[in-house]
Amino acid sequence: MTLVSHGRALTLHAERKPDAVALVHEGESIRYSELERGANRLARLFAKQGVAEGDFVTLALPNGREFVEALFACWKLGATPQPVSPRLPRHERDAILGLVAPRLVVGVPASEVPGGTSGPGAATGAPVVLDTGFDASAESDAPLPDRVSRYRMAICSGGSTGRPKVVVDHIRAESDPAARYHDQPPGTSILVPGPLYHSAPLINCLSVLLGGGQVVAMTRFDAAESLRLIEAHRLALAIFVPTMMVRIWKMPREEREAFDLSSLVRVVSSSAFLPEWLRRGWIEWIGPDRVWEAYGGSERIVGTLISGREWLERPGSVGRVSEGRKIKIVGPAGETLPPGEIGDVYGLPPGGPGSTYHYLGAEPRRLADGWETLGDMGYLDADGFLYLVDRRTDLIITGGANIYPAEVEGAIESHPDVLACAVIGLPDDDLGAIAHAIVHVARPVRDEDLRRHVEERLVRYKVPRSFEFVFETLKDDAGKVRRAALRAERVAALEEQAVR
C-alpha cells in the first residue's frame, strides 16, 4: 500500500488521465486536468487570504465544481476543510464558527461573519471571508509543494440534541490511489445525490475521486432523475438515505422499472434507519447482492455493514462490526449484556479511545474503560450481528412500556401516501408520555385510515395516540429527523394552550 496526500492523488490522476471525467454536475463534465488546475488556483487564492498548514477553512458552498475544488485546495495547503450547509441559519452558523475558529470562511458575505473581513490582514483570530462569486482565475494553476493535512475534514453534527458540534476526523489526508472501494477497483463510479457537507456523501465522493473514478453529484435529490443518471452514466455505486429510497420506491412501478439499472453493483443506504418493508422491496426489485446498508457515525468509533443476502438471513440487522472495531451492548449499570438483550451500543476503534476523532463543542459519551456510544440502542445476536432499535434520547416510555420511534415511523411510512414521519413523546398526566406522529403526506390522508394501517403492523400500545399531518419536509438532507426540536415546539404549544 502506497499512501499519497489527497492533493498529490488528484495531481497523479490529472497527469495519468487528464481527459477522464472526474465530476458530473448539472450536465457539466469536469475532467481531472480541469479539477487539478482549478484546485491549484484556488489553493493559491486561499493562501493569499492567510490559509496555512493546520488551519480550518469553513466552506458554505452548494454541491458542484466549486465545492470539490475548494476541498482539494484545502488539502493542497495542508489545511482542514470544514463544510457547512450554505442554507444554514445565521445563528447556527455563528455558533459553529465560534467552535471552529477558521482562518477562512468561503461562500458567506463578510457582513454576516462576526469579526470577519473581506481580505487578508484580519485581526488575530478573526476569519477572512471570501463571498460567493470569488474568482481565482488570475492565480497560477501549477502544482504546489506537497503537504498532508493532519485532519482530513471536520464535519458538523447536531446529533439528537440539535446543539451544534463539530467532529474533527483524525484520519490524515492521505490515501492509496490503488485501493478498492465497496469491493470495486479504482476508477469506479458513483451517484452522490446528497449534500456534500454531510459525512456520508462527502466520504463517498472523496473515496471515488481519490481512486480516479467518476462522481455524478446532484444539487437536489429527485427520484426519477437519480435513476436517469444511473442509467445514463452506467454507474456502479449509489449512496442513498432511506428517505430517498422511499421516494424512489413510491414512484409508479412502471416508471421506476423502466430505467436500466443493470450497471449498479451496490446501492448503499446510510445515515438513518432503513425500515424492513423498504429493504425487502428493494431486494425484490434489484436483488439481494446489490442492496447494502452501512451504520456508523462521523466519529468512526463503531461501524457495521451488511448485504441484502445477509439481511435476508437476519432481517432487521445492520450487520457485523467492520474495520477492526469492537462492539458491545451495555446495560443501565454499566454491565455488558448477553446476546438478545437491548441496551446502549458501545464501540471501540482499533487505535483505542480518542484515536479516530475529537469534538469541538461537545464531550464524548465514554465509559471508564474507554468504550464510547453514539447514543443508539440495540442488541447483538449470537453471531455478533447488530440490531438497532432507536436512540436513547428518543425512547418513549408510556405506562411503563418502551416505544422506539424508528419502529413506529417505519410502519407509518409504509403507507403509500406517506413521504416521511417523525414520532415523538408528548407529556401525559396518566401514562407519563404518549406517542404523537407528525406525518408528511403527499396528499390528504384520513386519520382513521392511517391508524388502521398502523394497527395492522404494530401491537396496540405502539400505535400513536394522535396524528398530525403536514405537507412540508420533516427530515434534513441527510434523512435525519431532529425529534428534540419537533417535540420542544409542540410541548411549548401545549403549555401555551394550558395557560390560556
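Helices and strands in these legends are DSSP runs, numbered from the N terminus. The model shown is predicted.

**View 1. Asp 417 in the loop between α11 and β26.** Asp 417 lies in the loop that joins helix α11 (405-413) to strand β26 (418-428). With a relative accessibility of 18%, Asp 417 counts as buried, because the cut-off for that class is under 20%. Leaving aside residues up to four places away in sequence, Asp 417 touches His 440, Val 441, Ala 442, Arg 443 and Val 445.

View 2. Three strands, in the order β26-β27-β28, make up an open sheet with mixed pairing. Strands β26 and β28 (466-470) stand at its edges and each has a single partner strand, so one side of each is left without a neighbour in the sheet. From one strand to the next, the twist averages 25°. The pairing of β27 (residues 432-441) with β28 is parallel and extends over five bridges; within it, Ala 437 has Phe 467 of β28 as its bridge partner. Helix α11 lies across β26, β27 and β28, and runs at about 140° to β26.

**View 3. Packing of helix α1 against helix α5.** Two packed helices are described by the angle between their axes and the distance between the axes. For α1 (residues 6-16) and α5 (residues 199-210), the angle is about 50° and the axes are 9 Å apart. Helix α1 is therefore oblique to α5. On the α1 side, His 6, Ala 9 and His 13 take part in the contact, and they meet Leu 206, Leu 209 and Leu 210 of α5. By class, the residues of this contact comprise four nonpolar, two polar and no charged.

View 4. Buried residues of α9 (residues 276-286) are Leu 278, Arg 279, Gly 281, Trp 282, Ile 283, Trp 285 and Ile 286.

**View 5. Cysteines without a disulfide.** Zero disulfides are found in a search of the whole structure. Cys 74 is in no disulfide, and the nearest cysteine sulfur, that of Cys 156, is 14 Å away. The side chain view also shows Cys 74 as buried, its relative accessible area being 0%. For Cys 205, the closest cysteine sulfur belongs to Cys 74 at 14 Å, which is too far for a bond. Cys 205 likewise counts as buried, at 2% relative accessibility.

Conventions
Residues numbered from 1 in each chain as written. Predicted model: local features only at pLDDT ≥ 70, side-chain atom pairs only at ≥ 80, totals over all residues. Heavy atoms only, no water. Disulfide = S-S within 2.5 Å. Buried < 20%, exposed > 50% of the residue type's maximum accessible area, 1.4 Å probe, protein only. Axes fitted to C-alpha atoms, helices over the stretch in contact; angles between N-to-C directions. Helix = DSSP H or I, 4+ residues; strand = E, 2+ residues; numbered from the N terminus. Parallel < 35°, antiparallel > 145°, perpendicular 65-115°, else oblique. Contact = heavy atoms within 4.5 Å. Nonpolar A, V, L, I, M, F, W, Y, C, P; charged D, E, K, R; others polar. Pairing = 2+ DSSP bridges.
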